[in-house]
Amino acid sequence: MVTHFEQQDQLDRTLAALRRQTRPPDEVVVADDGSRRAPTVPAGVRLVRQHDEGFRAAAARNLGAAASTGELLVLLDADTAPEPAFVERMVALPEALPEALVVGRRRHADLAGTSPEQPIEQVAPPLELTDPAWLRDAYAASRDLLDADASSHRFVITAVLACSRWWYDEVGGFDETFRAYGGEDWDFAHRSWTAGGLLAHRPDAVAWHDGPDAGAREHDAGARLAETVAVADRTSAPSTTWRGLARGPVDVVVTCAPDLADAELLVTVDSLLAALPRAVVRLSARHRDLVGTDPRVVAADADLPAAARLHLEVRRGLFGDAGAWLALLDGLDGSAASRAIGDGRAALQDLRLLRRAARWGRPDLAPAGPSLATSLHAWTEDVTLASWLGGWAGASTAREAGTASQRLGGPPMSNPSNESDAGRRQDGTDHSTDHEQEPVGAEVGMSDEGSTFEPEEDPEGHAD
């Protein structure tokens, strides 16, 4: 499926390249985003069009996908011409793993003045332009997304993308509320990942973009800001979502047991939300009355949001500083879907792995891990709300709290007012990963060695 707008010459080159594929596509659909004149396409190529209402690439891609009939979808832009083995290599993984989202390698060349009929693999290399270093480094650092994590949606490019039709529909296609340049690919990849999908980069599946990478071109600051806001409002992952504003999807959901004592509940919830201001807490009706009005507090039976990554069940009270709560959430590395905390007073769940296991009816894809140590304090009756709010709960009850903390498997806590690590998760160092076996028997490793990729240059102009 080829997305097009006012690019007849480039479209001719891309369609010519598709005719030379080692695995010829069963059908080719061109989706036109409202060009003034309908593009000319050869016999056998299906053309679908939508009215010009501004930049609506997301809607055009959905239109093209809806017009196709194949079980595998390969997405290209009109200005991105594939080498002969592109289709064959792109569909190999989603054909075997239907929940895989595969991104190819987009190279750049100045193709002005070249004939559309010239083989792209011959004409493009001598005219090659610089690749974006931040993207190249990201693929290298993640072993071509084999070590993908919750932030890896940033490395998905719709101009060279493949997935199964089933997974495209399962994820919901592209969000058509994106009505300006960029962002719809990151959103789609983010939803794919949180739903339990896999990511992969095929560096040997090459397509050539006519012109430099978008990041190398000048951009309107207002448009770039609008794109960043749009992505932040739709993703829950570190590195693209909001750090403190209460907007956008929820990443962490906390459920507190209904039998927590009043002071126990108030200290736990206040401590937790001070550390995780964007978390949502599910409480019983009595506890909601106790906590009072707070948009982050919802009914205990509220559905877990589709974008949420972690679920923390609190069975008995906990409290501590921001660093302790953040370290607790880092306890899931993608190898286990659930881990009990300390003496069982809480449990942490990886919702992504649980969704994947439920989809395939494979509990082994979501194994329980060993008990998780924490440096949070175990609440006791000696910890009053006044002592927590006053900042002396961790000092005046040092012996009791320290002993309780050690019983939970962690070192004694520092004073709960210490928030030196408060920004760590918001800085993007928390990554959800996936080491589990894939559903059809072969192993697809998704691991996290604790490293975080930081782009060397601004990646916001990622989609072209």
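1. In what order do the eight strands of the open sheet stand? The order is S3-S2-S1-S4-S7-S6-S8-S5, and the pairing is mixed. Strands (E, at least two residues) and helices (H or I, at least four residues) are DSSP runs numbered from the N terminus, and two strands pair if DSSP finds at least two bridges between them.

2. This is a predicted model, in which local features need pLDDT of at least 70 and side-chain atom pairs count only at pLDDT 80 or more, while totals for chains, interfaces and linings use all residues. Residues are numbered from 1 along each chain as its sequence is written, and side-chain values use heavy atoms, with hydrogens and water left out.

3. In the eight-stranded sheet, the edge strands are S3 (45-49) and S5 (80-82), each of which pairs on one side only. Neighbouring strands of this sheet are turned by 30° against each other on average, direction ignored. Axes here are lines fitted to C-alpha atoms, for helices over the stretch in contact, and angles run from 0 to 180 degrees between N-to-C directions.

4. S5 and strand S8 (residues 198-210) run antiparallel and are joined by three bridges. Opposite threonine 80 stands histidine 209 in S8. Helix H1 (residues 8-18) packs on the sheet, touching S1 (2-4), S2 (28-32), S4 (72-77), S5 and S8; contact means heavy atoms within 4.5 Å. The direction of H1 makes about 15° with that of S5.

5. A second open sheet has six strands in the order S11-S10-S9-S12-S15-S14, with mixed pairing. Strand S11 (297-299) and S14 each have a single partner strand, so one side of each is left without a neighbour in the sheet.

6. S9 pairs with strand S10 (residues 280-283) in the parallel sense over three bridges. Valine 280 in S10 is the bridge partner of valine 253. Helix H9 lies across S9, S10 and S12, running at about 165° to S10. Helix H12 (residues 351-360) lies across S12 and S15, at about 60° to S15.

7. Helix H11 (residues 322-329) is largely enclosed by the rest of the structure, because seven of its eight residues are buried (under 20% relative accessible area, 1.4 Å probe, protein chains only; exposed is over 50%, partly exposed in between). The buried residues include Trp325, Leu326, Leu328 and Leu329. Among the elements covering them are S9 (252-256), H9 (262-275) and S12 (310-314). Aspartate 321 caps the N-terminal end of H11, with a side-chain oxygen 3.3 Å from the backbone nitrogen of glycine 323.

Conventions
A polar contact is a pair of N or O atoms within 3.5 Å; within protein, one must be able to donate a hydrogen and the other to accept it, and residues adjacent in sequence count only if both atoms are side-chain atoms.
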